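I opened this notebook to keep a record of what I looked up in one structure.

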Amino acid sequence: MQDSSSDDELFGVGLGDLSVAVDDDSAADVAEPSAADLETFRAVELACLEGRRITHEAGAALSVASGWYAKISEGAYGAVIRDPLLKVVIERPPLKVSAIADRCQALMTRRGGQARARAELTAAGAACLRLYQQANYSGPLPSDETLQLVAGYAPKLLDVGGDAPSPFVAAPGALTLALALFEAANDGAASWWLVRAKTLHARCLVTGSHRVCGTFIESVNKHAEAARRWLAGASADTRALLELEIGLAEHFLDEPGRGRVRFREAANIAQLNLTLEGSMGKRTKFQVDSKPQLRVAEATSSDGTTTKVPVPESSELNEDSVLLEDVAFDDQKRRANVQDPRRAALTSCVALALCLDVRNTNPDDGLTNDQMRPYVAFALASPVDWLLPPA
């Protein structure tokens, strides 16, 4: 039997087969995108990162990546993964991570090795990561046909220092592919995606030893710096979202401070003035005299007005309980409603992050719970995203 020098050849596909296995235009057939095309495409990438519907169109040089992002925004992750362009990267899973990385690098070279190639690899990685998130976090569970696209990748490919992924992780191949594709692109939007992918990688491991977490935090910090540079000039809310995600990564990886600095930086960037204050109110149905109660106060908008959006009425969950669903404050001051649901969701996320900071910096005690409760109540006051209350 002839010796094989790579895992790909063990499965009958060598890196040299890319020239015949991928039916695409060569790098010389399509010019690299112009500066204007890249600026327009940046808006497409940001929309996908923030979970918004994509309404922009990029130039011809970026039509493949732009089309993939459009499918991602519709939840059609499988349609991107089964694209013929990615066939050699996806099919016949190799035995080593290095072999997957070699395939991604070869595809990037095939596609020109410049901005167009990086955009396509990043979009492909985004589809894989979103598929992994749907299978393990947001739901519903993807179809068997879609999961089969990333089946066959051994979970051990996600091992770090002997720390294996949990046996309950679904679609580990999707995360393996996402990491490889993002690492191959390793620029621009891929940096932010890598912050997310590395955090999810750490979360899927069984034990998460201190040494392993230290390795992850170094990687997250490196990609976070690159993402900050890429976001220079972006909106304040977008930059705040990145800081919030970095803080959550630091929290999970047990970094000193556990994200406190990033949470407060996110609030400062987004100009969210959330403060814990006391106010007179009642907590029970039969309470006569008002007592001091804690709540989170939010500064009003710069013009002093608060616009309204429809909010579902609170329903009585337990008719036999003497506690009110919400504290009835005497001044009836309510959370400001904003027209932009993304802004409202970001405000709720920052409030929950500050609630997390209270738990991280105080003992496990009833008084700590009393300090945390106002932040949770604040987030639930405007239920703009169903993912926030379960958080």
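Predicted model: local features only at pLDDT ≥ 70, side-chain atom pairs only at ≥ 80, totals over all residues.

**Entry 1: nonpolar cores.** I looked up the largest nonpolar core and found that it holds 78 residues. Tyr69, Phe182 and Trp193 are the members that touch the most other members.

For Trp193 I listed the contacts, leaving out residues up to four places away in sequence. The partners are Cys48, Leu49, Tyr69, Thr122, Ala126, Leu129, Arg130 and Phe182. Apart from this core lies another, of 21 residues, including Ala270, Leu272, Leu356 and Val358.

**Entry 2: salt bridges.** I found 17 salt bridges in the structure.

In the pair Glu50 and Arg342, the closest N and O atoms are 2.3 Å apart. Is Glu50 buried or exposed? I found Glu50 buried, at 17% relative accessible area, whereas Arg342 is partly exposed at 35%.

Glu183 and Lys198 meet through their side chains at 3.1 Å, N to O. Glu183 is in helix H10 (residues 172–185) and Lys198 in helix H11 (residues 189–204), so this pair joins parts 15 residues apart in sequence. Here the acidic residue Glu183 is partly exposed, with 30% relative accessible area, and Lys198 is buried, with 14%.

Arg295 and Glu277 form a salt bridge at 3.1 Å, N to O. This pair links strand S2 (residues 291–298), which holds Arg295, to strand S1 (residues 274–284), which holds Glu277; the two residues are 18 apart. Arg295 is buried at 8% relative accessible area, and Glu277 is partly exposed at 25%.

**Entry 3: a salt-bridge network and Glu250.** I also found a network of salt bridges that links Glu225, Arg228, Glu243, Glu250 and Arg262. I followed up Glu250, which lies in helix H13 (residues 236–252). Why does Glu250 count as buried? Its relative accessibility is 9%, and the cut-off for buried is under 20%. Leaving out residues up to four places away in sequence, I listed Ile217, Asn221, Glu255, Arg258, Gly259 and Arg262 as its contacts.

**Entry 4: helix H16.** I looked up helix H16, residues 366–380, which has 15 residues. From first C-alpha to last, H16 reaches 21 Å, close to the 21 Å expected at 1.5 Å a residue. Where does the kink in H16 lie? I located it at Met372, shortly before the proline Pro374, with an angle of about 25 degrees.

At the start of H16, a side-chain oxygen of Asp365 comes within 2.9 Å of the backbone nitrogen of Leu367. I recorded Thr368, Met372, Pro374, Tyr375, Phe378 and Ala379 as the buried residues of H16. Their cover includes S1, S2 and H15.

Methods:
Residues numbered from 1 in each chain as written. Heavy atoms only, no water. Core = buried A, V, L, I, M, F, W, Y, C linked by side-chain atoms within 4.5 Å. Buried < 20%, exposed > 50% of the residue type's maximum accessible area, 1.4 Å probe, protein only. Contact = heavy atoms within 4.5 Å. Helix = DSSP H or I, 4+ residues; strand = E, 2+ residues; numbered from the N terminus. Salt bridge = Lys/Arg side-chain N within 4 Å of Asp/Glu carboxyl O. Expected span 1.5 Å × (residues − 1). Bend = angle between axes of the 7 residues up to and from the residue. Polar contact = N/O pair within 3.5 Å; in protein donor to acceptor, adjacent residues only side chain to side chain.
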